[in-house]
Amino acid sequence: MTEETTATPLTNQQIAESVVKDLPANEIVKEFQRLLDEVEYQKTEAKLAKARANEAYSKYGTFRDSVEEFIKEHVKDEQVSIDDLKELAEELSIELTKSIKVTFTVKCEYEFDVPLDWTDDDISDGDFDIRISSNITDEDVEETSESYEVEDFEVEDND
């Protein structure tokens, strides 16, 4: 029959005492310094690695921007295959879009029945909501912003 012995885990203090008693004081100091030097070396290496990664990412971004600019400039150029440019753009996740701004003037006229005691001051441009929509059904067209401004507002009493 074998006897099982269970060892109790050593505390940090017990571990430290066992290490210290086996090493002369000058060796302990040297080991601490070696470990501190190793920590500093690893910190420096990490900083250098981060700097190299940032530089590589910057070069990647500059190159990608150049390719994107080339593609967008040559989309309508008949000397370069549109299909090839679209394939390249898709591989690099480059959106082949541009923003356009459409400005138009709209004159709206509404007629309301209001209580007889209403005056021109009872209604303001904030009482109206203007919605603009497009009949463009191309799935490649995406509306990115909408704004309108009421430049002139007039209330006329028809009675």
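In what order do the elements of the protein run from the N terminus on? In this predicted model, the elements follow one another as α-α-α, and the protein accordingly holds 3 helices and 0 strands.

**Overall picture**

Of the 159 residues in the protein, 6% are buried, and the protein exposes about 15,800 Å², of which carbon and sulfur atoms supply 50%. When contacts between residues at least 6 apart in sequence are considered, 41% of them join residues at least 24 apart.

Side chains of opposite charge can pair when their charged atoms come close.

| Salt bridge | Distance (N to O) |
|---|---|
| R34 and E31 | 2.9 Å |
| K43 and E40 | 3.7 Å |
| K72 and E68 | 3.1 Å |

R34 and E31 are separated by about one helical turn, because they stand 3 residues apart in helix 2, which covers residues 25-74. R34 counts as partly exposed at 46% relative accessibility, and E31 is partly exposed as well, with a relative accessible area of 32%.

K43 and E40 are likewise 3 residues apart in helix 2, so about one helical turn separates them. K43 has a relative accessibility of 47% and counts as partly exposed, while E40, at 45%, also counts as partly exposed.

K72 and E68 both lie in helix 2 too, where a spacing of 4 residues amounts to about one turn of the helix. K72 is partly exposed, with a relative accessible area of 38%, and R64, E68 and K72 are linked in a network of salt bridges.

**Patches on the surface**

Which residues gather in a patch of negative charge on the surface? The patch is formed by D83, D84, E87, E90 and E91. E91 has its place in helix 3, which covers residues 82-91, and E91 counts as exposed because its relative accessibility is 65%, where exposed means over 50%.

A nonpolar surface patch of about 440 Å² is made by I100, V102, F104 and V106. Among these residues, F104 is found in the segment after helix 3, and F104 is partly exposed, with a relative accessible area of 47%. That value falls in the partly exposed class because it lies between the limits of 20% for buried and 50% for exposed.

How values were computed. Residues are numbered from 1 along each chain as its sequence is written. This is a predicted model: local features need pLDDT of at least 70, side-chain atom pairs count only at pLDDT 80 or more; totals for chains, interfaces and linings use all residues. Side-chain values use heavy atoms; hydrogens and water are left out. Patches are made of residues with over 30% relative accessible area and no salt bridge: like charges are joined within 9 Å, nonpolar side chains (Val, Leu, Ile, Met, Phe, Trp, Tyr) within 5 Å. Accessible areas come from the Shrake-Rupley method with a 1.4 Å probe; for residues, only the protein chains shown count as cover. A salt bridge is a side-chain nitrogen of Lys or Arg within 4 Å of a carboxyl oxygen of Asp or Glu. Lys and Arg count as positive and Asp and Glu as negative; His and the chain ends are not counted. The place of a charge is taken as NZ of Lys, CZ of Arg, CG of Asp or CD of Glu. Helices (H or I, at least four residues) and strands (E, at least two) are DSSP runs, numbered from the N terminus. Buried means under 20% relative accessible area, exposed over 50%, partly exposed in between (1.4 Å probe, protein chains only). Contact means heavy atoms within 4.5 Å.
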